[in-house]
Amino acid sequence: MGLLEGKTALIFGLANNRSIAWGVTQAFAREGATLGISYAGEALKRRVEPLAEKVGCDFVAECDVSKDEDIEAVAKKAAERFGKVDILVHSIGFADRNELQGEYYNTSRKGFHLAMDISVYSFVGLARAFQPILNPGGALISMTYYGSVKVAPNYNVMGVAKAALEASTRYLANDFGPQGIRVNAISAGPIRTLASAGVSGFKSMHKAFVDMAPLHQPVGIEDVGNAAVFLASDMSARTTGEVLYVDSGYNIMGVPDVSKG
Ligand code: NAD
């Protein structure tokens with residue numbers, strides 16, 4: 001029996017087959033979850049629908065999380081279709097490309113607001129919209145990156161947004177605890193996706209990451225998917241407000257271990 005048998009999961013942030021959300025979707029399907037998928041806008045529909053089909057998911061809903069009405073509409077649609085929902089995965093991030101290079105002090109007010117709105121507030125907005133239809137024993141999961149706690153050059157405003165996302169994860173964990181719902185984040189190592197392609201210098205950073213991480217292994221979307229299964233399932237029943245690193249151990253290193261180079 002799959003670890004998510006009998007649970008309904010809504011996954012936000014599927015863009016293509018390289019998306020972390022796709023790793024999560026596949027892992028959840030394997031573990032027997034009933035799935036709903038949401039994507040940002042019309043332009044992505046032709047990529048997302050065939051992926052949904054592959055995992056036998058026929059709930060595919062558009063939701064631009066910068067719009068309150070879209071968030072409310074998707075929650076309503078999910079309520080009509082599923083009644084209750086157990087798992088919500090927020091795999092959404094966005095910053096203007098111009099903000100992901102150079103000095104952080106050059107971040108524009110507009111760019112700051114945009115990154116915070118799409119990458120952080122949307123998690124709060126979705127949590128609120130789904131709160132009335134979440135089952136006890138449920139789980140909310142967000143996707144973060146180490147640039148929230150240490151400086152990752154060029155990551156800039158996204159690092160600040162991820163810090164706010166992790167803080168939001170803790171505040172939401174406290175809010176939802178009495179309802180028996182857990183809220184956790186996964187901090188993934190660098191993975192080549194549409195979103196990460198926008199970060200200047202990502203390729204060389206990716207190589208340095210593999211060299212320095214104790215496991216010397218790149219992280220894949222399937223690794224994040226499997227970690228999400230753990231956080232979504234009853235296997236993590238007493239874990240909430242945490243950031244789970246899926247980064248081949250990179251975050252524990254202070255300096256590179258040149259003796260193993
Ligand atoms: P991705 O580009 O595949 O996913 C990002 C998603 O955000 C896309 O589906 C995009 O459509 C969606 N999105 C952007 N604006 C939106 C809006 N207004 N409304 C709804 N959706 C919107 O890239 P990814 O790397 O899979 O990113 C998923 C999450 O994982 C992000 O939060 C990202 O910051 C995080 N993350 C990525 C990495 C990495 O190296 N790729 C590492 C750690 C964390």
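How many nonpolar, polar and charged residues does the lining of the largest pocket have? By class, 28 residues of this lining are nonpolar, twelve are polar and four are charged. Here Ala, Val, Leu, Ile, Met, Phe, Trp, Tyr, Cys and Pro count as nonpolar, Asp, Glu, Lys and Arg as charged, and the others, Gly among them, as polar.

The model is predicted: local features need pLDDT of at least 70 and side-chain atom pairs pLDDT 80 or more, while totals for chains, interfaces and linings use all residues. Residues are numbered from 1 along each chain as its sequence is written, and side-chain values use heavy atoms, with hydrogens and water left out.

**Stop 1: the largest pocket**

Select Ser 91, Ile 92, Gly 93, Phe 94 and Ala 195, which are the closest to the pocket centre of the 44 lining residues. The pocket holds about 1,100 Å³ of space. A pocket is an open set of points, on a 1 Å grid over the protein atoms alone, where a 1.4 Å probe fits, with protein on both sides within 12 Å along at least five of seven lines; lining residues have an atom within 4 Å of a point. Next, colour α6 (194-197), which gives the most to the lining, with three residues. Helices (H or I, at least four residues) and strands (E, at least two) are DSSP runs, numbered from the N terminus.

**Stop 2: the ligand**

Select Gly 13, where a polar backbone atom is 2.8 Å from an oxygen atom of the ligand. At Ser 19, a polar side-chain atom lies 2.6 Å from a ligand oxygen atom. At Val 65, a backbone N or O atom lies 2.9 Å from a nitrogen atom of the ligand.

**Stop 3: the cysteines**

Select Cys 57 and Cys 63. Cys 57 is buried at 7% relative accessibility, and Cys 63 is buried at 3%. Buried means under 20% relative accessible area, exposed over 50%, and partly exposed in between (1.4 Å probe, protein chains only).

**Stop 4: two backbone angles**

Most residues other than glycine have a negative phi. Select His 216, in the loop between α7 and α8 (221-232); His 216 has a positive phi of about 50 degrees and is partly exposed at 35%. Finally, select Ser 248, after β7 (243-246). Ser 248 has a positive phi of about 55 degrees and is buried at 11%.

How values were computed. Points joined across faces, edges and corners; volume = space filled by probe spheres on them. Polar contact = N/O pair within 3.5 Å; in protein donor to acceptor, adjacent residues only side chain to side chain.
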